[in-house]
Amino acid sequence: MTSSVLECRALTKYYGSTMALDSLDLTLEKGRIVGLLGPNGSGKTTLIKIAAGLLTPTSGTIRICGFAPSPESKALVSYLPEFTYFENHMRVRECFELFRDFYDDFDETKARDMIRDLGVSPEKRMRELSKGMKEKVQLVTVMSRRSRLFLLDEPIAGVDPASRDYILNTIIRNYSEDSTILISTHLISDVENVLDDYVFIRDGKVWQTGSVEALRENENKSVDALFREVFRYEVR
Amino acid sequence: MKWEFNGKGPIAAQIVLLVEQAIARGELAPGEWLPSVRELAAEASVNPNTMQKALLELEQNGLVNTVRNTGKSVTTDTELIRATRDRLVEESIRAFLADMKSLGLDRAEVSALMERRVS
Amino acid sequence: MKFGKLFKHEFKQSFRLALPVYLGIIIMGFVACLSAVVFDRTVISGNGNEDLAGFAGMSSMGTLALSLTAVGAGVVGAWILNAVRFLRTMTGQQSYLTHTLPVTADGLLMSKILCALLVLLGAVIAAGIAVFCVVMTFLVLESTTPIRDLIDAVYSLVKALTDVENLSALSVIWSTLGRVVMLALGMPMLLFTAIMAAGSLVQKRKGLLGAGLFLGASAVLNFISSLAAGLISFLFVNSQDVYETMMVSSSMVNIFLYLIVIVAGYFFMRWIITKKLNVNV
């Protein structure tokens, strides 16, 4: 019985000869909102996809609540990719049905309430919604699960400010002491108020971790400022 | 009330200050019920743990009370509220005087300025 | 473990697309019947008016041929439907959903294979209905006793398939039938395996190579076993008995090889999903 929600040890991933993750070590405890922060190409998405079960590591270990990536771990993980993965012809309620069928921790009542607040009818098909609304519907569906680990890959990239507030709002409202939310982003100043901890990732390795409040108390610095310092010479 | 944070100091401390100001101004009435920690955090777009920490401090200062199984409310202790307002005024004045000093004004000049302004 | 739900969703999504195809097949069959009537009345029976008969005859014959081709295309279409759906849900954007569901690789594969076979079966049945209608149309038009003729035809077909007196011929027929069925059942599997190989291995080029090798190897195996039997019997065999034995045994070898290839394909796909997955769209 382990309390760590996510544990990576010497996690390495190669795409052919390109190295995406370089013997990465990381441990996440429960009840935290964590920012996975790094420039583009640093390995954020690769790490998240391995945790979600979409990629198999080249070497090293990864454990989600003690489970290796498997149907058991997938039942505990809620993954939100950058794009919508529901088929265009599906109605909103059919997406809910799908989640209800496969995930025991799906709270359909909560999902329906949130959809109603958005002003979207459950009968609407995905293709009838705007891109922004589609993404919000998917966010609502994914966040309506009582998962142990939420993996949000760039949830606010390319999103207008009002929608961004809605997304952060939804994340905060769905916070629970039993789960961990990992948000990967390169838009740090927009999310840092929401974070408990930050993880800097660079060239497939964890560069630095820490608590956001501790950083602000002890060094009077925002995470955004620290990031700029640390990655100053990042030329991409 | 408006939730605005700057990028420097810890958020919890900034929350405490903002709530104190709101109570001192009367934006938050004495005895008024506060939303849940999560609601407040969502409103302010901050981390719930941070909001919790700030509310704890406010409770320790006596400005916020927790009623078990019901929620949190602003204190009805008008003495305390006045004392808080006075403290905030003091801090504001101190900051103002420090500003003026850094701009090269001495006590007499500041006094004269205030006389002209206030009359 | 969640297989029922997997199957239910797969079924819904597959048949949503398959039903229009079936409808198309039936409609084409209907069109074929109509042109069969025109064809019969103008060309076969002859109605005196040469020019009209000529034109109507030609166009109805064309329509008949086209609509029957469309029926065949419908069956192929169902097949393509299966492949495209598999491609999209296992290696396309939707695979982000598929591979994060808390289900086993076996559950995924079995539900998709089963649904693919059902879709194919539906198409074959629809095509069968269409062809049956055309045949019936001709029978009704040409014969005074169409029902009788139909029953006779069916009876003689069944007799040919079950005539225990001519056992050797029977075995040739059944083994060849078995080979055809195996082919029909195995093709979706082969296609799925090729798609998985192409879509999921580390580098696309390696994947395509692997897929090509796999398909090529199985095609070659099949070809050799079929051709070898035919060639040998043609060149060296004079006796009917030996010929029949060769045909039966080559069919048996064929079926056996196919089974191995299909099973290997299944385990290959399973291996990719559990050990070598790379969802990168």
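Start by selecting C:Thr100: this residue is buried, with a relative accessible area of 6%. Keep in mind that the model is predicted.

Now find the backbone around C:Thr100. The residue sits in a loop of chain C, between helix 3 (95-98) and helix 4 (105-142).

Next, show the side chain of C:Thr100 together with C:Tyr96. The Thr side chain reaches the backbone oxygen of C:Tyr96 at 2.7 Å.

Then bring in chain A. C:Thr100 touches A:Ala52, A:Leu54, A:Lys74, A:Tyr79 and A:Tyr103, leaving aside residues up to four places away in sequence.

Move on to chain B and colour it by secondary structure. Chain B has 5 helices and 3 strands. Follow chain B along the sequence and the order reads α-β-α-α-β-β-α-α. The radius of gyration of chain B is 17 Å, well over the 14 Å that the globule rule gives for 119 residues, so the chain is more spread out than a compact globule. Along the principal axes, the C-alpha atoms of chain B fill a box of roughly 55 × 35 × 20 Å.

Stay on chain B and look at its contacts. Among contacts with a separation of 6 or more, 50% join residues 24 or more positions apart. Of the 119 residues, 32% count as buried.

The accessible surface is about 7500 Å², with 51% belonging to carbon and sulfur atoms. Colour by charge to finish: chain B has 15 positive and 17 negative charges, and their mean positions are 3 Å apart.

Notes. Residues numbered from 1 in each chain as written. Chains lettered and ligands numbered in written order. Predicted model: local features only at pLDDT ≥ 70, side-chain atom pairs only at ≥ 80, totals over all residues. Heavy atoms only, no water. Helix = DSSP H or I, 4+ residues; strand = E, 2+ residues; numbered from the N terminus. Buried < 20%, exposed > 50% of the residue type's maximum accessible area, 1.4 Å probe, protein only. Polar contact = N/O pair within 3.5 Å; in protein donor to acceptor, adjacent residues only side chain to side chain. Contact = heavy atoms within 4.5 Å. Rg over C-alpha atoms; globule rule 2.2 N^0.38 Å. Areas by Shrake-Rupley, 256 points an atom, 1.4 Å probe, with all protein chains shown as cover. Lys, Arg positive; Asp, Glu negative; His and termini not counted. Charge placed at Lys NZ, Arg CZ, Asp CG, Glu CD.
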